[in-house]
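Colleague: Let's take a close look at a single part of this model: its surface. Please start with the overall build and then walk me through the patches.

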Amino acid sequence: MRTLKTLIVSIYRVLRSVPILNKIKKMDRKNYSREEYNAIVHKLPKKIGRSIFKSTGSKIVVNGEEKIHDSQVLFVSNHQGNFDIFALLGYLKKPFGFISKIEVKKIPIARTWMEKMDCLFLDRKDRRQSLKTFKQGIELLKDGHSLLIFPEGTRARRDELLEFKSGSLSLARKANVPVQPVMINGTYNIMEANNNRIRKGKVYLTVCDPILPEEYEHMSLDELADETKKRIQEAMDQTKK
């Protein structure tokens, strides 16, 4: 029943968002600052993220929001399950765009919302397309728009971290913005640990201290990835006590 409820809520909220999406598609972005544009466009997706997350009956504990850097950042999060998306979208206060796998682009309505939110779609099998996407990401960061990456590249489906691929962290270096580690724990219990049936769970979302450009300027990308992973691991360990 919980799975059906979440599915119905998801479809209902997405379909109800279409009139607002149509208005956003008509906006002339030149009339808005980056901050104004993000405030308008991200308002409803944030509500949808929270609504879908709450429909599972799950609870979320958010810590460290005061650590989010005032400027645009590259959020770097571990990835446990599909409900990471709704938890991060709904409960991270700073607007951001996901760097998502290109397959998501096939989903109607969601694809258009993501395009308007300045999310990016990455095709790891196409090097030329990947390079183009990374260049777009650098420009978005320089323009004042935060982005979020999952450096593990896939869902861990458990409360352990997979290897962090360091290449995506070059976005922060080339745009000269802080790396903001984000730890999420418990989302895999909502779906992946239950044969893809929805059940309620308890999720922890912790924003770690940012790694500023002056801190990582002498690090290699591998060292930066290791430091980011270390901070996320420490935050995850705290949720297990």
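How many helices and strands does the protein chain have? And which residues gather in a patch of positive charge on the surface?

Modeller: Overall build first: the protein chain has nine helices and seven strands (DSSP runs numbered from the N terminus, H or I of at least four residues for helices, E of at least two for strands). Its radius of gyration is 17 Å, close to the 18 Å from the globule rule for 241 residues, so the chain is as compact as a globular protein of that length (taken over C-alpha atoms; the rule is 2.2 Å times the number of residues to the power 0.38). The C-alpha trace spans about 50 × 50 × 35 Å along its principal axes. Of the 241 residues, 49% are buried (under 20% relative accessible area; exposed is over 50%, partly exposed in between, with a 1.4 Å probe and protein chains only).

Bear in mind that this is a predicted model, where local features need pLDDT of at least 70, side-chain atom pairs count only at pLDDT 80 or more, and totals for chains, interfaces and linings use all residues. Residues are numbered from 1 along each chain as its sequence is written, and side-chain values use heavy atoms, leaving out hydrogens and water.

Now to your patch. Arg-2, Lys-5, Arg-50, Lys-54, Lys-59 and Lys-200 gather there in positive charge on the surface. Helix 1 (2–16) and helix 3 (34–55) are the elements that give two or more residues to this positive patch. Patch members have over 30% relative accessible area and no salt bridge, with like charges joined within 9 Å and nonpolar side chains (Val, Leu, Ile, Met, Phe, Trp, Tyr) within 5 Å. Areas come from the Shrake-Rupley method with a 1.4 Å probe, only the protein chains shown counting as cover for residues; a salt bridge is a side-chain nitrogen of Lys or Arg within 4 Å of a carboxyl oxygen of Asp or Glu. Lys and Arg count as positive, Asp and Glu as negative, while His and the chain ends are not counted; each charge is placed at NZ of Lys, CZ of Arg, CG of Asp or CD of Glu.

Zoom in on Arg-2, which is found in helix 1: it counts as partly exposed because its relative accessibility is 33%.

Glu-35 and His-145 are 110 residues apart in sequence, yet 8.3 Å apart in space, C-alpha to C-alpha.

Negative charge has its own surface patch, made by Glu-163, Asp-222, Glu-223 and Asp-226. Glu-163 sits in the loop between strand 5 (146–149) and helix 7 (170–175), and with a relative accessible area of 62% it is exposed.
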